[in-house]
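Subject: Structure handover

Hello,

Here is the structure for you to take over. Please open it first, then read my notes below.

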Amino acid sequence: MRDYVLFFINGREQRARGSEVFRTLSSYLRYDLGKTGTKIVCEEGDCGACSVLLGRIVDGDFRYEPVNSCILALGQLDGTSIVSVEGLNANGELNAVQESMIVSHGAQCGYCTPGFIVAMSALFESKEKLTEKDVRDGLTGNLCRCTGYEPIVKAALGVDGKTMAKIGDLYPAAPMLAAIRAARSEGGVAIEASGRAFAAPDALADAIRFKSDHAPVTILQGGTDVGVWVNKRDFTAPAILSLANVDGLDELRVENGAIIAGAKVTLAAFERFVEERIPELFGILNVFGSPQIKNAGTLVGNIANGSPIGDTLPYLLVAEAKLELTGAKGSRVVEINSFYKGYKQFDLAADEIITRVIAPIVTTRPSSILNLYKISRRKDLDISAFTAAMRLRIERDVIAQAWIAYGGVAPTVVRMPKTEAFVTGKVPSLELFERAGAIARGEITPISDVRGSREYRSQLAENIMARFWYDAFDLEQEALSVQTYRGMA
């Protein structure tokens with residue numbers, strides 16, 4: 001076993017030992033390496049000023065994606081290559097993105113500018129020419145209070161991508177990969193420091209053993225929630241487990257009509273995978289969060305977090321997804337509808353880890369209807385106030401079966417059995433769904449918080465049923481022809 005975490009910053013090898021593994025990358029960059037281009041502003045992963053490029057090994061090479069360094073712990077970086085804003089140019093010359101930002105007057109106070117440049121440069125890793133949609137989508141996770149964004153968008157559109165050096169050309173992978181292989185030949189990472197434990201084992205059995213021996217354990221994969229707890233809630237985990245080095249947990253494939261997603265599959269990878277397979281779910285994931293958040297956070301992390309407003313959960317509940325849980329006694333599969341026992345309470349033993357998600361592919365087609373909803377104060381990068389998933393199976397113009405799930409109305413995302421039973425066996429109509437809305441309202445007990453009052457959520461729970469009717473059915477033809485997905489409420 002190793003007592004250090006190995007990673008690279010702008011091509012230079014770094015080793016973090018002892019309590020260093022619990023520090024944030026942004027802090028390490030600024031205060032240890034003097035790379036102050038990385039700014040610390042929100043420390044919640046919201047503003048993007050701290051953005052860096054994170055290179056993970058994929059098919060024998062590094063794939064670079066933007067992430068928020070303010071909520072990323074050094075312990076998560078074993079075997080990765082990091083590029084900060086200072087490392088985006090060669091020989092001290094500005095790259096094409098930086099030059100374009102100057103020409104287009106894309107900066108005023110300049111505090112957000114490094115993060116924008118990092119995120120913008122990442123877009124040219126896969127494309128030479130960007131559309132305005134590419135730019136606006138790719139910069140969703142970067143906030144600016146000065147420019148109004150138009151000069152920044154103009155700067156991105158003005159870049160000739162052919163002149164942008166790829167990160168792999170600036171920092172050849174071969175020597176870094178050789179060093180990582182040599183380090184991993186020593187085994188996984190095990191560190192005890194300041195009364196805390198950290199492990200990044202290379203075998204699932206070792207991960208299970210660590211979780212069993214060090215309960216309670218915080219599994220730190222994406223860190224998009226845990227990092228915020230550390231920065232804003234003074235959270236200190238006595239034991240942290242990273243699955244980054246465990247092989248086999250990054251699988252993403254289709255088998256028997258279901259998507260199999262391993263514990264390390266990021267939300268960004270899952271979003272790309274479902275775009276053609278489950279367009280409705282892609283629509284939700286598209287506004288789930290910023291690229292920086294989705295490049296770090298995982299599908300399993302969203303499930304294990306157990307938030308009552310977890311955006312992937314309504315779909316997984318109505319699709320009747322299953323979870324593979326692996327512990328010392330082997331693996332077992334549980335229905336996600338029985339996994340949640342209460343707020344942050346799960347059908348999960350102390351030594352068990354969620355290793356895979358088995359999510360059936362459900363789409364809208366002639367005999368099936370699926371609509372998903374996310375309601376929040378703003379479209380992008382916002383936590384939901386209310387979520388819903390509606391799934392119907394139609395036979396001979398009658399609702400043969402209904403699956404309905406709501407989020408933001410109870411301690412967990414919940415199925416709505418009374419509402420499901422009410423609509424089953426009936427011919428769809430506006431009146432039916434208006435009556436179903438009243439039943440749904442009586443089936444929940446939402447709370448009031450900063451995102452909405454109890455009354456507001458109760459009204460949403462009722463109104464969404466009528467909205468679903470208008471979205472799902474072609475009233476003009478008075479038939480049960482399914483319309484195209486209409487997007488979020």
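In what order do the five strands of the open sheet run, and what is the pairing? The order is β2-β1-β5-β3-β4, and the pairing is mixed. Please keep in mind that this is a predicted model.

**The five-stranded sheet**

The edges belong to β2 (12-17) and β4, each of which pairs on one side only. From one strand to the next, the twist averages 30°. Strand β1 covers residues 4-9 and pairs with β2 in the antiparallel sense, over six bridges. Within that pair, F8 stands opposite E13 in β2. A helix packs on this sheet: α1, residues 25-32. Helix α1 touches β1, β2, β3 and β5 (80-83). Its direction makes about 65° with that of β1.

One loop here deserves a look. D59 lies between β3 (51-58) and β4 (61-68). Its phi is positive, about 55°, although D59 is not a glycine. Is D59 buried or exposed? D59 has a relative accessible area of 79%, and residues over 50% count as exposed, so D59 is exposed.

**The four-stranded sheet**

There is also an open sheet of four strands, in the order β6-β7-β9-β8. Its pairing is mixed. Strands β6 (189-193) and β8 (218-219) stand at the edges. Each has a single partner strand, so one side of each has no neighbour in the sheet. β6 pairs with β7 (residues 196-200) in the antiparallel sense, over five bridges. In that pair, A193 stands opposite R196 in β7. Helix α8, residues 204-213, packs on the sheet. It touches β7, β8 and β9 (239-241), and its direction makes about 160° with that of β9.

The loop between α8 and β8 holds P216. The peptide bond from A215 to P216 is cis, with omega near 0°.

**Another positive phi**

Y149 sits in the loop between α4 (132-138) and α5 (150-157). Its phi is near 75°, a positive value in a residue other than glycine. Y149 has 29% relative accessibility and counts as partly exposed.

**The cores**

Which residues have the most contacts inside the largest nonpolar core? They are I303, Y315, L316, L323 and I336, in a core of 52 residues. Take I303 and leave aside its neighbours within four places in sequence. I303 is then in contact with L313, L316, L323, I336, F339, Y340, I354 and V357. A second, separate core has 38 residues. F8, F62, C112 and I167 are among them.

**The whole chain**

How many helices and strands does the protein chain have? It has 18 helices and 20 strands. The C-alpha trace spans about 70 × 60 × 40 Å along its principal axes. A compact globule of 489 residues would have a radius of gyration near 23 Å. The protein chain has 24 Å, which agrees.

Buried residues make up 55% of the 489. Among contacts with a separation of 6 or more, 62% come from residues 24 or more positions apart.

Best wishes

Methods
Residues are numbered from 1 along each chain as its sequence is written. This is a predicted model: local features need pLDDT of at least 70, side-chain atom pairs count only at pLDDT 80 or more; totals for chains, interfaces and linings use all residues. Side-chain values use heavy atoms; hydrogens and water are left out. A nonpolar core is a set of buried Ala, Val, Leu, Ile, Met, Phe, Trp, Tyr and Cys residues joined through side-chain atoms within 4.5 Å. Buried means under 20% relative accessible area, exposed over 50%, partly exposed in between (1.4 Å probe, protein chains only). Contact means heavy atoms within 4.5 Å. Two strands pair if DSSP finds at least two bridges between them. Helices (H or I, at least four residues) and strands (E, at least two) are DSSP runs, numbered from the N terminus. Axes are lines fitted to C-alpha atoms, for helices over the stretch in contact, and angles run from 0 to 180 degrees between N-to-C directions. The radius of gyration is taken over C-alpha atoms; the globule rule is 2.2 Å times the number of residues to the power 0.38.
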